[in-house]
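These are my notebook entries on a structure that I had not examined before. I set down what I looked up, entry by entry.

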Amino acid sequence: MQWHAGDVQPTIRTGHICTGESDVKFCQYLNPGQTLLCDSVDGDYVIIALCQIAKALAANETPPNILIRRLEIKTAAEKRKRSGPDSEGATRRQYEIVDVNMVFKVLSIEIRKRIPRATKGLEIPIFSYLVALTGCDFCQGIPRCGPLTIWKNLEKIWPCLEAAYDSTTKEFNVAQVGNKVIAPLLYGVYKKHAGAASGQDLSRLLSALKISKSLSEKARSDLATVADIACIVRNSNWTLRYWQDAPTAPSSAQIQYGFSVKKNGDIERDPNAVLGL
């Protein structure tokens, strides 16, 4: 339903596709150049809205103006202040309005500042893919490759991500992401435990870490496998497509996107996921 200022009754809108998830439904109400205020129920709204603006610009359309009302984000320092010994206790919920178009502008400028040769128009698709790789509602994150690690190494991995991106399928080459993006990040974390392994071959790096005597038994057992990472990299491809256009996104229940279907119809992470085709 759509409400207009001053109306007593809402107007029924037809022609929309049932998408299931609440956080992608607002995309069908976006119109070029018009403003839409969304009431967010989870954190994916902002990244989905960024994808919608990028999609409009790629199609040479006037992007919509998107505002998101959500619970106010607290910094770590603010959280400590509220829970510390001098705190006045819990306060009522506070909300903030996010101007997504401004976020889009500032983020694009920051990325091009750090990566001068970044291809214009790929800033948000690549950034969104990295968000998926760190974990979200639709995808598990790569262990030990959190937002801070990725942001710190952005200049190093960005050219590899551009090389891995297929503008036709709007997906990333799984092997290239595994060996040229994830492997270098993990190598930076575990360098002193990697022995002769390099940060350009994920399989060899994980194999070396699994037998590293300088890592504790628990640390070795907690390491992700190649199949784990291949599954996440593949699922991140699906997540990006879902964020960009949920109604046309393919089913995630297929090996291409890191999942397989059991004989009884249940869906599970593909235990044999590979980095290759």
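**Entry 1: a salt bridge to begin with.** I began with glutamate 268, which forms a salt bridge with lysine 262; the closest N and O atoms are 4.0 Å apart. I note at once that the model is a predicted one. Glutamate 268 counts as partly exposed, at 28% relative accessibility. Lysine 262 is likewise listed as partly exposed, with a relative accessible area of 39%. I then searched the whole structure and found 10 salt bridges.

**Entry 2: helix α3, its length and its sides.** Which residues of α3 are buried? I listed Val100, Asn101, Phe104, Leu107, Ser108, Ile111 and Arg114. These residues cover an arc of only 160 degrees around the axis, and therefore lie on the same side of α3. The face turned away from that buried side carries the exposed residues Lys105 and Lys113. I also looked up what the buried residues of α3 pack against: α1 (44-58), β2 (65-71), β3 (95-99), α4 (123-133), α5 (147-152) and α6 (154-164). At the start of α3, a side-chain oxygen of aspartate 99 comes to within 3.2 Å of the backbone nitrogen of asparagine 101.

Entry 3: I found that the side chains of glutamate 110 and lysine 113 meet in a salt bridge, at 3.7 Å from N to O. Both residues lie in helix α3, 3 residues apart, which is about one turn of the helix. An α-helix has 3.6 residues a turn, so residues three or four places apart point the same way. Glutamate 110 is partly exposed, with a relative accessible area of 27%, whereas lysine 113 counts as exposed at 58% relative accessibility.

I then looked up a second pair, glutamate 155 and arginine 114, whose side chains meet in a salt bridge at 2.8 Å, N to O. Glutamate 155 lies in helix α6 and arginine 114 in helix α3, so this pair ties together parts that are 41 residues apart in sequence. Glutamate 155 counts as partly exposed at 37% relative accessibility, and arginine 114 counts as buried at 18%.

**Entry 4: cysteines.** How many disulfides does the structure hold? I found 0. Cysteine 51 is in no disulfide, and the nearest cysteine sulfur, that of cysteine 27, is 8.7 Å away. Cysteine 51 counts as buried because its relative accessibility is 3%. Cysteine 139 is also in no disulfide; the nearest cysteine sulfur belongs to cysteine 136, 5.5 Å away. At 4% relative accessibility, cysteine 139 counts as buried.

**Entry 5: glutamine 244.** I located glutamine 244 in helix α10, residues 226-244. Is glutamine 244 buried or exposed? It counts as buried, at 12% relative accessibility. Leaving aside neighbours within four places in sequence, glutamine 244 is in contact with Cys51, Gln52, Lys55, Pro125 and Lys170.

**Entry 6: serine 212.** Serine 212 is buried, with a relative accessible area of 8%. Its side chain reaches the backbone oxygen of histidine 193 at 3.1 Å. Apart from neighbours within four places in sequence, serine 212 is in contact with His193 and Arg220.

Definitions and conventions: Residues numbered from 1 in each chain as written. Predicted model: local features only at pLDDT ≥ 70, side-chain atom pairs only at ≥ 80, totals over all residues. Heavy atoms only, no water. Buried < 20%, exposed > 50% of the residue type's maximum accessible area, 1.4 Å probe, protein only. Helix = DSSP H or I, 4+ residues; strand = E, 2+ residues; numbered from the N terminus. Arc of directions from axis to C-beta. Contact = heavy atoms within 4.5 Å. Polar contact = N/O pair within 3.5 Å; in protein donor to acceptor, adjacent residues only side chain to side chain. Disulfide = S-S within 2.5 Å.
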